[in-house]
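User: Hi! I'm new to reading protein models, could you walk me through this one?

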Amino acid sequence: MASSSSGFVAGLTVAALASVGFLAYQASASVPAGLGKPHADNSPVVGTSKTPRDRKDPAALPAGSGTGVRVVYSVDDDRVWLVGEGDSVKRTFRVTPGSVDPAPGVYAVTSRSNAITGTDGTPVEHVVRFTEVEDITIGFSAAVDGSMPAPDPALKTGGIRESREDGNAMWDFATIGRAVAVIP
């Protein structure tokens, strides 16, 4: 009797696993490409045309850079703003971009690392990642030696380098999920 009931249970288990496998296949076949990958939000909150700059105060927060608590990164100006409640600028600083730029849009911080080696071989700290472009991870970091050299155009790098002091401020401000508005 035990033999026939264990065979029945084994048969049910095989049938259940086959059903789950089939359903998993159906679900994966219907998932839109890129789902779950970091990408720019097509939100109208951040303008994607050339954002007007304050010529008298280039460090002023650009109009059209979004709303709410966020990091604003200007690709054209190589500048970052850490923006608190009520659009108050907590800190702004210049950066040295990698050789690969993110597209304008709104992203979110997806991961962080206290210390790693950058794609250019430089030891970096306080890495704050927010997207990928053609399998190149894009994020902010500070070189441990404090350097901010221009990127080697022969290497595809996504590290946006900041000073160690600015890297500390970014690390404290840009936690997982924090909005990152990339503007031209």
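Analyst: Happy to! Let's begin with a term: a nonpolar core is a set of buried Ala, Val, Leu, Ile, Met, Phe, Trp, Tyr and Cys residues joined through side-chain atoms within 4.5 Å. Buried means under 20% relative accessible area, exposed means over 50%, and partly exposed is in between (1.4 Å probe, protein chains only). This is a predicted model, where local features need pLDDT of at least 70, side-chain atom pairs count only at pLDDT 80 or more, and totals for chains, interfaces and linings use all residues. Residues are numbered from 1 along each chain as its sequence is written, and side-chain values use heavy atoms, with hydrogens and water left out.

User: Which residues have the most contacts inside the largest nonpolar core?

Analyst: Those are Val71, Val80, Phe140 and Met170, in a core of 24 residues. S1, S2, S6, S7, H2 and strand S9 (179–183) each supply at least two of the core's residues. H2 gives the most, with four residues. The labels work like this: helices (H or I, at least four residues) and strands (E, at least two) are DSSP runs, numbered from the N terminus.

User: What is Val71 in contact with?

Analyst: Leaving aside neighbours within four places in sequence, the partners of Val71 include Val80, Phe140, Met170 and Phe173. Contact here means heavy atoms within 4.5 Å. There is also a second, separate core of five residues, with Val72, Trp81, Val83 and Ala181 among them.

User: New topic: in what order do the four strands of the open sheet come?

Analyst: The order is S5-S6-S7-S8, and the pairing is mixed. At the edges are strand S5 (111–117) and strand S8 (159–162), each of which pairs on one side only. Two strands pair if DSSP finds at least two bridges between them. On average, neighbouring strands of this sheet are turned by 30 degrees against each other, direction ignored.

User: And which way do S5 and S6 run, parallel or antiparallel?

Analyst: S5 and strand S6 (residues 123–133) run antiparallel, joined by six bridges. One example is Ser113, whose bridge partner in S6 is Val127. S6 and S7 also pair in the antiparallel sense, over seven bridges, and there Arg129 has Gly139 in S7 as its bridge partner. S7 and S8, on the other hand, run parallel, with four bridges joining them. In that pair, Phe140 stands opposite Ile160 in S8.

User: What holds paired strands together in general?

Analyst: Strands of a sheet pair through backbone hydrogen bonds, either parallel or antiparallel.

User: How many residues of S7 are buried?

Analyst: Seven of the eight are buried, so S7 is largely enclosed by the rest of the structure. Helix H2 (residues 164–173) lies across S5, S6, strand S7 (136–143) and S8, at about 55 degrees to S6. For such angles, axes are lines fitted to C-alpha atoms, for helices over the stretch in contact, and angles run from 0 to 180 degrees between N-to-C directions.

User: OK, salt bridges next. How many does the structure hold?

Analyst: Six. The rule is a side-chain nitrogen of Lys or Arg within 4 Å of a carboxyl oxygen of Asp or Glu. One of them joins the side chains of Arg70 and Asp87 (2.9 Å, N to O). Arg70 is buried, at 2% relative accessible area, while Asp87 is partly exposed at 37%.

User: Where do Asp120 and Arg161 lie?

Analyst: Asp120 forms a salt bridge with Arg161, their closest N and O atoms being 3.1 Å apart. Asp120 lies in the loop between S5 and S6 and Arg161 in strand S8, so the pair ties together parts that are 41 residues apart in sequence. Arg161 is buried, with a relative accessible area of 7%.

User: And Glu134, is that one buried or exposed?

Analyst: Glu134 counts as exposed, at 65% relative accessibility. Its side chain meets that of Lys156 in a salt bridge (3.6 Å, N to O), and Lys156 is exposed as well, at 53%. Glu134 also takes a positive phi near 50 degrees in the hairpin of S6 and S7, which has two residues between the strands.

User: Last one: which residues are linked in a network of salt bridges?

Analyst: Arg91, Glu165 and Asp166.
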